[in-house]
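Please consider the structure shown below.

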Amino acid sequence: MTAYTADEMMAVAAARRLQDGMVCFVGIGLPSTAANLARRVHAPGCVLVYESGTIGAKPHRLPLSIGDGELAETADAVVSVPEMFGYWLQGGRIDVGFLGAAQIDRFGNLNSTVIGDYDSPKVRLPGGGGAPEIATGVRDVFVLLRQAPRAFVERLDFLTSVGDRVRVVVTDLGVLEPRDGELTLTFVHPSASVEQAREATGWTLRVADDVQVSDPPTTRELLALRALEAA
Amino acid sequence: MAELLTLAEAVSKHVRDGDVVALEGFTHLIPNAAGHELIRQGRRELTLVRMTPDLVYDQLIGMGCARKLVFSWGGNPGVGSLHRLRDAVEHDWPVPLELEEHSHAGMAAAWAAGAANLPFGIVRGYSRTDLPRHTRVRRVTCPFTGEELAAVAAHRPDVGIVHAQQADGAGNVQLWGIAGVQKETVLASARSIVTVEEIVDVLEPRPGAIVLPSWVVDAVACVPGGARPSYAHGYYERDNDFYVAWDAISRDRDTFTEWMREHVLEVVTA
């Protein structure tokens with residue numbers, strides 16, 4: 001088995017959650033990596049929608065921004081931003097939305113606005129962008145976030161996006177899924193432990209009785225991922 | 001009818017201190033050259049409106065042109081923070097910056113409402129988040145179903161500025177590729193300036209293109225490369241390396257100021 005990094009495990013674990021034919025609202029960074037990986041490995045019919053208005057984009061390399069020219073050139077349709085958020089997202093046409101954040105709580109609520117007080121912030125983050133309506137406009141929200149006490153917090157500094165539709169949180173240590181309304185550790189990655197996941201969580205983390213170990217990335221997944229990142 | 005002016009003339013004629021100004025362009029066709037001209041002409045106390053205040057607004061804010069920012073995502077796409085924006089919000093440098101913060105959907109609805117001459121846009125959003133306490137959003141009840149919705153006050157700037165690929169000699173404008181909210185920006189604004197890559201004899205129809213007739217535009221300025229380091233579909237690509245480089249340039253106040261002096265303030269334009 002080839003060696004792999006925690007970020008690679010995270011991208012692979014997220015990609016596996018996408019099924020062929022799903023329509024997926026994709027942000028830049030790890031979500032875009034995971035969605036493009038899914039298209040190359042097991043879900044070639046997965047439809048990638050970027051908030052710049054590119055629907056059905058099929059990029060050959062990973063874009064740096066959500067509006068890179070290649071997304072428009074390879075898209076099935078390019079629509080304006082009001083149309084994207086109105087007809088397509090609010091219109092209920094998107095199955096899955098990927099979100100990241102600076103903070104998450106045990107209910108899947110997300111903060112991507114500010115650390116500290118809003119009016120005199122410790123860190124001013126970029127802000128909600130598409131996230132607040134992605135969180136309520138898609139059927140299933142997948143969260144990608146590295147697990148650490150400062151990110152997995154008892155109490156958010158700011159509530160940017162509500163967690164009602166969060167179905168899975170993929171981290172560098174494992175996978176959390178809501179059980180009885182609270183995020184619960186259901187998988188640990190092979191290189192991590194339940195104890196590590198507990199220590200990296202700012203609340204008392206629930207662990208599923210049937211917690212499993214994630215399958216490590218296959219050679220095929222790793223080759224596809226690395227080819228994508230090298231392109 | 002749009003007047004064909006130089007960029008300096010267009011900004012001088014249409015943008016005043018204290019104006020509400022929107023430079024739009026969603027990743028693509030960002031009117032960076034026009035932003036630089038605002039800086040060179042020393043505009044102050046502007047309320048800047050833009051969904052994604054990226055490098056061009058980082059520069060305007062860092063040069064002290066703005067008193068308020070209306071926005072929905074203020075970062076360097078794929079890179080990280082906007083350091084000048086953060087310095088203004090966190091440390092009031094060089095001047096304090098008031099924020100009016102929205103979601104993308106809220107901003108898009110506010111643009112569409114402004115273009116339609118309606119007082120507000122409607123979205124099924126903002127609910128149960130902390131955003132309504134920091135923005136201009138109210139709850140409204142649907143008169144047909146009773147559903148509670150969010151009303152976002154329309155954007156009606158004094159000046160809207162966008163970049164496009166082409167205009168013809170009469171000032172009709174055509175842009176294509178990712179279209180963002182440029183059409184809404186021009187239609188919602190009291191005055192508008194469009195910078196273009198080139199003036200052509202005839203606008204040839206392009207798939208998915210947006211055409212802005214000359215009579216909804218106040219000034220057209222020919223500024224080849226006017227979107228750089230953003231891109232103009234069919235003309236040049238996004239300078240991703242510069243977006244990455246901006247992180248280091250903008251992190252330090254002195255480095256930033258020196259860069260602006262060399263690359264913006266001391267640049268002589270037509």
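How many bridges join strand 8 of chain B to strand 10 of chain B? Four bridges join these two strands, strand 10 covering residues 148-153, and the two run antiparallel. Here helices (H or I, at least four residues) and strands (E, at least two) are DSSP runs, numbered from the N terminus, and two strands pair if DSSP finds at least two bridges between them. This is a predicted model, in which local features need pLDDT of at least 70 and side-chain atom pairs count only at pLDDT 80 or more, while totals for chains, interfaces and linings use all residues. Residues are numbered from 1 along each chain as its sequence is written, and chains are lettered from A and ligands numbered from 1 in the order in which they are written.

The two strands belong to an open sheet of three strands in chain B, with the order 8-10-9 and antiparallel pairing. Its edge strands, each pairing on one side only, are strand 8 (120-123) and strand 9 (137-141) of chain B. From one strand to the next, the twist averages 40 degrees. Within strand 10 of chain B, B:A153 is the bridge partner of B:F120. Helix 5 (residues 104-115) of chain B packs on the sheet and touches strand 8, strand 9 and strand 10 of chain B. Contact between two residues requires that their C-beta atoms, placed from the backbone, lie within 7 Å. The direction of helix 5 of chain B makes about 140 degrees with that of strand 8 of chain B; axes are lines fitted to C-alpha atoms, for helices over the stretch in contact, and angles run from 0 to 180 degrees between N-to-C directions.

On the other pairing, strand 9 of chain B is joined to strand 10 of chain B by five bridges, and these strands also run antiparallel. B:R139 stands opposite B:A150 in strand 10 of chain B. Strands 9 and 10 of chain B form a hairpin with six residues between them, and B:G146 in the turn has a positive phi of about 85 degrees.

Chain B as a whole is assigned domain 1 (3-103 + 157-265) and domain 2 (104-153), with bounds that come from an automatic or database domain assignment. The C-alpha centres of the two domains of chain B lie 25 Å apart. Their contact takes twelve residues from domain 1 of chain B and 16 residues from domain 2 of chain B. On the domain 1 side, strand 7 (98-101) and helix 6 (182-188) of chain B are the elements that give two or more residues. Helix 6 of chain B supplies the largest share of that side, four residues.

Elsewhere in chain B, helix 3 (residues 55-62) is mostly covered, with eight of its eight residues buried. A residue is buried if 20 or more other C-beta atoms lie within 10 Å of its own, exposed if 12 or fewer, and partly exposed in between, with C-beta atoms placed from the backbone. Among the buried residues are B:Y57 and B:D58. Helix 3 of chain B is followed by B:G64, whose phi is positive, near 80 degrees.

Between the chains, the contact takes 36 residues from chain A and 44 residues from chain B. Helix 4 of chain A contributes the largest share of the chain A side, five residues.
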